[in-house]
Amino acid sequence: GLSVFDLTTQENQILDGLDPTIFTIEWFVNQLAVDNNVPIADPSNYTSNTTTGSDSVIAVVTDIAQSTTTFCSAQVILELIVHPLPTPVQPAIYELCDDVASGSDMDEFSIFDLRSRDDEITGGNADWIVSYHATEADAD
């Protein structure tokens, strides 16, 4: 249920076209923190503080161009959701006989359709995406 978020990646969406040179965004863990002006120290490296899989933070958008003494601001609540890591199913051994489609039925090669194993690997979960790599380094 815990993960590190870069909250700053959401600032363009929050500003929705407002000029970032005249609007600032500060991030807070809750309303009490807003009321006491205790912002998140590093919003680019924020660890959610719940084990339930979801959390929320508050972005306070302030118009700093109004005057040196009066600032208008608005709050936006951003929900943070941490999805559990997928637990793939180890597929059965995939064996084929030598075939002509690979060039010859005597070359000890066969063409494997790895995508045919996607449903088995995901356990039928359509929300997961399977990718295949020649080496672990390629996958990394």
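**View 1. Leu 96 in the loop between strand E5 and helix H3 of this predicted model.** Strand E5 covers residues 72-81 and helix H3 covers residues 118-122, and Leu 96 sits in the loop that lies between these two elements. With a relative accessibility of 40%, Leu 96 is partly exposed. Leu 96 belongs to a nonpolar surface patch together with Phe 112 and Leu 114. The accessible area of these three residues together is about 250 Å². Phe 112 is also partly exposed, at 38% relative accessibility.

**View 2. The aromatic pair of Tyr 94 and Phe 112.** One aromatic pair is found in the structure. Its ring centres, in Tyr 94 and Phe 112, are 5.0 Å apart, and the ring planes stand at 85°, so the arrangement is edge-to-face. Both Tyr 94 and Phe 112 lie in the loop between E5 and H3, so the pair ties together parts of the chain that are 18 residues apart in sequence. Tyr 94 has a relative accessibility of 23% and counts as partly exposed. Phe 112, at 38%, is likewise partly exposed, and the nonpolar patch with Leu 96 and Leu 114 includes Phe 112 as well.

**View 3. Surroundings of Asp 98.** Asp 98 is another residue of the loop between E5 and H3. Its relative accessibility is 27%, which places Asp 98 in the partly exposed class. Apart from neighbours within four places in sequence, the contacts of Asp 98 are Ser 104, Asp 105, Met 106, Asp 107, Glu 108 and Phe 109. Two backbone nitrogens are shown with the Asp 98 side chain: that of Met 106 is 3.3 Å from one of its polar atoms, and that of Phe 109 is 3.4 Å from a polar atom of the side chain. Asp 98 and Phe 109 are 11 residues apart along the chain, and their C-alpha atoms are separated by 5.5 Å.

View 4. Asp 118 has a relative accessible area of 17%; the limit for a buried residue is under 20%, so Asp 118 counts as buried. The side chain of Asp 118 makes a polar contact of 2.5 Å with the side chain of Tyr 132. A polar contact of 3.0 Å joins Asp 118 to the side chain of Arg 115, and these two side chains also meet in a salt bridge, with 3.0 Å from N to O. Arg 115 is partly exposed, with 47% relative accessibility. When residues up to four places away in sequence are left out, Asp 118 touches Val 130 and Tyr 132.

**View 5. The salt bridge between Arg 117 and Glu 120.** The structure has two salt bridges. One of them joins the side chains of Arg 117 and Glu 120, with an N to O distance of 3.2 Å. Arg 117 has 18% relative accessibility and is buried. Glu 120 is partly exposed, at 30% relative accessibility. The salt bridge of Asp 118 with Arg 115 likewise has a buried residue, Asp 118, and a partly exposed one, Arg 115.

Terms used:
Residues numbered from 1 in each chain as written. Predicted model: local features only at pLDDT ≥ 70, side-chain atom pairs only at ≥ 80, totals over all residues. Heavy atoms only, no water. Salt bridge = Lys/Arg side-chain N within 4 Å of Asp/Glu carboxyl O. Buried < 20%, exposed > 50% of the residue type's maximum accessible area, 1.4 Å probe, protein only. Patch = residues over 30% accessible without salt bridge, like charges linked within 9 Å, V, L, I, M, F, W, Y side chains within 5 Å. Areas by Shrake-Rupley, 256 points an atom, 1.4 Å probe, with all protein chains shown as cover. Helix = DSSP H or I, 4+ residues; strand = E, 2+ residues; numbered from the N terminus. Contact = heavy atoms within 4.5 Å. Polar contact = N/O pair within 3.5 Å; in protein donor to acceptor, adjacent residues only side chain to side chain. Phe/Tyr/Trp six-rings, centres within 6.5 Å; stacked < 30°, edge-to-face > 60°.
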